[in-house]
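Please read the following briefing with the sequence and the model side by side, and find each named residue before moving on to the next point.

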Amino acid sequence: MKNTLKNIFHSPRFVVGFIIFVALLLTMIFYPIFNPGDPLERIGVGTFAKPGTYFSMYDATSAKTETFRLADAEENRINALLTGDARTRMIDWMSRHGDDVAGLDPADTGALMEAWGRYYEDVRLSGMTNADRVYFRRLNNSIVNSATAEELLVMEEDPETGDYAQKGTISLTDYVNTKDVANVKTLPLGTDNFGRDTLRELVSAAGVSLRVGLIAGIVATLIGLSLGLLAGYLGGVADDIIMFITNIFTVIPSFVLLILISYSISQEARGASLVAVVIGFTGWTWTCRSVRSQVISLRNRDHVNLSKLSGHSMVRIVLTDILPYIASYVVMAFILQVSAGILSEAQLSMLGLGPKTTETPTLGLMMNWAMLYSAHTNGSWWAYFPVILTITLISFSLNLMNTGLDQVFNPTLRD
Amino acid sequence: MKGYKKYFGKKILWFVLTLIVAVILNFILPRLMPSDPVASITAKVAEGVTDAAAVQAIYERYAEEFGINKSLFEQFFIFVGNALRGNLGTSFSQYPRTVNNIIATALPWSLALQFPAIIVGWFLGNILGAVAAYVRKGWDKVVLPIAIFINNIPAFGLAVILLVIFAVNLKIAPVSGGYSFDMIPNFSWPFIKSVISHYQLPFWSQVLITIGGQAIGMRSMSIYELNADYVKYSRFLGIKDGKIVGYVFRNAMLPQITGLALSIGTMLSGGLVAEIIFSYPGLGTVLYSAVTSADYPLISATTLIITIMVLLVTLFLDVIYGFIDPRVKAAQFDA
């Protein structure tokens, strides 16, 4: 046993897969300690807030300010104001206006502003709609304002009289340390379509999906193993009956069966664990077939016959004389079942047949919601890409461990 | 010849038995769902009708038409009888369209997408796998882990990534659908062009998925064969390397051909989710809308088509193997 373990950990593939898997597992265990709370809590009112650090503007107005004179502050401000689209439209305006814009780089803010300041006038050029004219007027106003602005006033409304009283001013050179702001929230992966903290939801979902995979794997392996052992060891009628059932379920595509069974359970009753059991129930046939064929080749070996002659019970023979020989195979099959289970859950959820959405997040459900709210077409990569990456990493690590084990237990595959 | 007769008879018997079980499951499972789709159709049709008796009459007329007022047992035999005559019933959600009509519209899209993609992916994957097995050094250390990683990206994930890169960001392919939404299917040049441009992304995403699996399988198959005793013996005999590679390739191909046939059989269920991502007008999208609208005649029919496809390919493989696999032959003639 000790030697086997040593061998396993000498296989580089297994070790890499194992490290990735353990890293994922540790994240699932320890991340909730740093960021506690309900993963389904809706913290944002809007959908798909960008990843980043958010601090309360209200609290920031009353925080202690420092004055910094930063050379590039004004340029940064204008940079943030001018989107790529606005820049190309400005150049387009100037060239229509008949100005020399050759060699003007839209990314060069200084040169662009200089040319704009020199040429712009509030006229409607030929080929432009009135809306275009208004657009450029607004754009010019905001550029001029941000260049000439001095400070903003912060006003407070008196709840009784309705009068406004000046509460303070914010000048262009005021800076606030985020540590002094009472409410700061860092969302490394932004929020999803429900306004949930995506990272917190993702970590929790990965845990649930892994649990789904484990349950599915355990159910599939238990059914496959026990039926395979029975069929292989008993032979005769028992074998015929079991193989009849197995053959039928091998040929009917398991994903189709999965769709049908999941559909027949109503949405309300579909919890994550039930879905996992259903996945396991549709995926046991390959384990059963391979276990059976291996048991058949084992059952007439000398040591098994000796056990039979010594009058050992069937349970004992199976446990001590047969199981150890197929254990490595069963473990490998189990690992693959776990990975397939996670994928099946994700696919089912994409079809709208996954676990009910109000209880727990799963990777498939997150993916399903991101697609329903078109995260992929509106640029909210944080809502779907981390989910795909997590599924890929989990199944990659499991598959690496499996091929590593395969190389250890199957000498013909060794390089 | 007697041996063959027995063998094929057994295989056909199996086919029929499995088909019966599949039909029963296809019929019963969706109908266990506790919902009343007839009520929702009635609600749609009888909108604005205030007379309760009239609504009741409409409900009963539809219940009669869909046969849901009979016992499940009776419904089953009606379903089987109709299915044998090629009538799969009426859709609930797209009433009054028949299920036959919906499937007949969707199936060609799915087949035209999956079949070429699997063939192309299979060829490219096997060439890559064979090359990887032959070159080994260097390749194996870098390319194989990357290939395994890419192979573990779920099909829908790959579809989404391709969609975002090529349709949303680079804008060189349309985002969704099988053809431009403002067109009516016909045989004009603009329509065909639109179909081809919509075809690219779903096609290549399926090709990539197929390449990954085939290449890895072919590589380990070839390595296994390269280490086999007959190769060593051939080297002893001094047979030229080129000739040995030919033998190795032929032996490694056999399981790959089985794999090709099986993936053609399962191609409809394999592409379901990717079709949904691309809103491709195939079976996947039909199944998705059937699931979301509790349309069980449509669900039954879709899953039945997928199952029958797999059953036919399995039977076909069994028959072919009966002729070409010497082990099967021997087993039949010994008995």
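In chain B, buried residues make up 36% of the 335 residues. The model described here is a predicted one, and the points below take the two chains, their contact and a few individual residues in turn.

**Chain B as a whole**

- The secondary structure of chain B comes to 15 helices and 0 strands.
- When contacts in chain B between residues at least 6 apart in sequence are considered, 72% of them join residues that are at least 24 apart.
- Helix α9 of chain B, which runs over residues 229-237, is hardly covered, since the count of buried residues among its 9 residues is 0.
- Just after α9(B) comes Gly238(B), which takes a positive phi of about 85 degrees.

**Chain A as a whole**

- Chain A is built with 16 helices and 6 strands, and 35% of its 415 residues count as buried.
- Among contacts in chain A with a separation of 6 or more, 72% are accounted for by residues 24 or more positions apart.
- The radius of gyration of chain A is 32 Å, whereas a compact globule of 415 residues would have a value near 22 Å.
- Taken along the principal axes, the box filled by the C-alpha atoms of chain A is roughly 105 × 55 × 45 Å.
- The domain assignment divides chain A into domain 1 (2-43 + 193-413) and domain 2 (57-182), and the C-alpha centres of these two domains lie 55 Å apart.

**Where the chains meet**

- The contact between the chains takes 42 residues from chain B and 33 residues from chain A.
- On the side of chain B that touches chain A, the elements giving two or more residues are α1 (2-31), α6 (139-151), α7 (155-169), α12 (272-277), α13 (283-292) and α14 (296-324) of chain B.
- Of these elements, α1(B) gives the most to that side, with 8 residues.
- What kinds of residues make up the side of chain B that touches chain A? They divide into 31 nonpolar, 11 polar and no charged residues.
- Ile148(B), which is found in helix α6 of chain B, touches Phe396(A), Asn399(A) and Leu400(A) as well as Ile216(B), when residues up to four places away in sequence are not counted.
- Ile148(B) is partly exposed, because 18 other C-beta atoms lie within 10 Å, and a residue needs 20 or more to be buried.
- Ile148(B) and Ser194(B) are 46 residues apart in sequence, and their C-alpha atoms are 35 Å apart in space.

**A helix of chain A with one buried face**

- Helix α12 of chain A (residues 285-298) has 14 residues and reaches 20 Å from its first C-alpha to its last, close to the 20 Å expected at 1.5 Å a residue.
- The buried residues in α12(A) are Thr285(A), Thr287(A), Cys288(A), Val291(A), Arg292(A) and Val295(A).
- Why can the buried residues of α12(A) be said to line one face of the helix? Seen down the axis of α12(A), they fall within an arc of 150 degrees, and so they line one face.
- What covers the buried residues of α12(A) includes α8 (198-234), α9 (236-251) and α14 (314-350) of chain A.

**A buried residue in a strand**

- Leu187(A) is found in strand β6 (residues 184-187) of chain A.
- Is Leu187(A) buried or exposed? Leu187(A) is buried, because 21 other C-beta atoms lie within 10 Å.
- Leaving aside neighbours within four places in sequence, Leu187(A) is in contact with Ala49(A), Pro51(A), Gly52(A), Tyr54(A) and Asp197(A).
- Leu187(A) and Ile241(A) are 54 residues apart in sequence and 56 Å apart in space, C-alpha to C-alpha.

**Two serines with a positive phi**

- Most residues other than glycine have a negative phi.
- Ser374(A), which is not a glycine, has a positive phi near 45 degrees, and its place is in the loop between α15 (363-372) and α16 (381-409) of chain A.
- Ser374(A) counts as partly exposed, because it has 16 C-beta neighbours inside 10 Å.
- Ser279(B) has a positive phi of about 45 degrees although it is not a glycine, and it is found in the loop between α12 and α13 of chain B.
- Ser279(B) counts as partly exposed, because it has 17 C-beta neighbours inside 10 Å.

Technical notes: Residues numbered from 1 in each chain as written. Chains lettered and ligands numbered in written order. Predicted model: local features only at pLDDT ≥ 70, side-chain atom pairs only at ≥ 80, totals over all residues. Contact = placed C-beta atoms within 7 Å. Helix = DSSP H or I, 4+ residues; strand = E, 2+ residues; numbered from the N terminus. Nonpolar A, V, L, I, M, F, W, Y, C, P; charged D, E, K, R; others polar. Expected span 1.5 Å × (residues − 1). Buried ≥ 20, exposed ≤ 12 C-beta atoms within 10 Å, placed from the backbone. Arc of directions from axis to C-beta. Domains from an automatic or database assignment. Rg over C-alpha atoms; globule rule 2.2 N^0.38 Å.
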